[in-house]
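This briefing walks through one protein chain, topic by topic, for a reader who is new to structures. Please keep the sequence and the model in view while reading.

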Amino acid sequence: MTILAVEQNDSGNAVVEARSGMTGEVHSREIPISKKALMKGLADRAAVGLSIQAVFPGLSADDREYLMTGITPE
């Protein structure tokens with residue numbers, strides 16, 4: 001999975017555009033977290049090797065799966 005872009009919308013949520021590691025398709029998903037908090041969490045996860053659940057305990061399983069793989073529930 002490759003994150004292509006992260007923007008913050010007017011609601012303060014991060015909108016993440018990512019390419020699915022499974023299909024290669026590009027999807028966009030609104031994640032209920034600020035762009036700054038998302039980027040910090042992803043950097044901390046990469047640096048320390050924490051699980052996605054430890055870094056983002058408040059996100060849904062679908063949101064965490066999307067951040068790891070780019071795969072949407074659909």
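Two strands count as paired when DSSP finds at least two bridges between them. With that in mind, strand 2 and strand 3 form a hairpin that has six residues between the two strands, and G24 in its turn has a positive phi of about 80 degrees. The model is predicted, and the chain averages a pLDDT of 93, with 100% of the residues scoring at least 70.

**Confidence**

- Among the elements of the chain, strand 2 has the highest mean pLDDT, at 96, whereas helix 1 (residues 35-48) has the lowest, at 93.

**The sheet and its hairpins**

- The three strands make an open sheet in the order 1-2-3, and their pairing is antiparallel; strand 1 and strand 3 are the edge strands, each of which pairs on one side only.
- Neighbouring strands of this sheet are turned against each other by 20 degrees on average, if direction is ignored.
- Strand 1 (residues 2-8) and strand 2 run antiparallel and are joined by six bridges, in which V6 has V16 as its partner and E7 has V15.
- These two strands also form a hairpin, with five residues between them, and G12 in that turn has a positive phi of about 90 degrees.
- Six bridges likewise join strand 2 to strand 3 (residues 26-31), again in an antiparallel arrangement, and here R19 stands opposite V26.

**The nonpolar core**

- In soluble globular proteins, nonpolar side chains tend to be buried together.
- The largest nonpolar core of this model has 13 residues, of which V16, I33, L38, F56 and L67 touch the most other members.
- Strand 2 (14-19), helix 2 (52-55) and helix 3 (61-69) are the elements that give two or more residues to this core, and strand 2 gives the most, with three.
- If residues up to four places away in sequence are not counted, L38 touches V6, A14, V16, I33, F56 and L67.

**The helices against the sheet**

- Helix 1 lies across strand 1 and strand 2, running at about 150 degrees to strand 1, whereas helix 3 lies across strand 2 and strand 3, running at about 140 degrees to strand 3.
- In helix 3, the residues D63, R64, Y66, L67 and T69 are buried, and the buried residues of this helix pack against strand 2, strand 3, helix 1 and helix 2.
- Just after helix 3, G70 takes a positive phi of about 80 degrees.

- Leaving aside residues up to four places away in sequence, the contacts of M1 include A18, R19, Y66, L67 and G70.
- M1 and M22 are 21 residues apart in sequence, and their C-alpha atoms are 7.8 Å apart in space.
- S20, which sits in the loop between strand 2 and strand 3, is buried, with a relative accessible area of 6%.
- With residues up to four places away in sequence again left out, S20 touches E25, H27, T69, G70 and I71.

Note on methods
Residues are numbered from 1 along each chain as its sequence is written. Side-chain values use heavy atoms; hydrogens and water are left out. A nonpolar core is a set of buried Ala, Val, Leu, Ile, Met, Phe, Trp, Tyr and Cys residues joined through side-chain atoms within 4.5 Å. Buried means under 20% relative accessible area, exposed over 50%, partly exposed in between (1.4 Å probe, protein chains only). Helices (H or I, at least four residues) and strands (E, at least two) are DSSP runs, numbered from the N terminus. Contact means heavy atoms within 4.5 Å. pLDDT is the predictor's confidence in each residue, from 0 to 100. Axes are lines fitted to C-alpha atoms, for helices over the stretch in contact, and angles run from 0 to 180 degrees between N-to-C directions.
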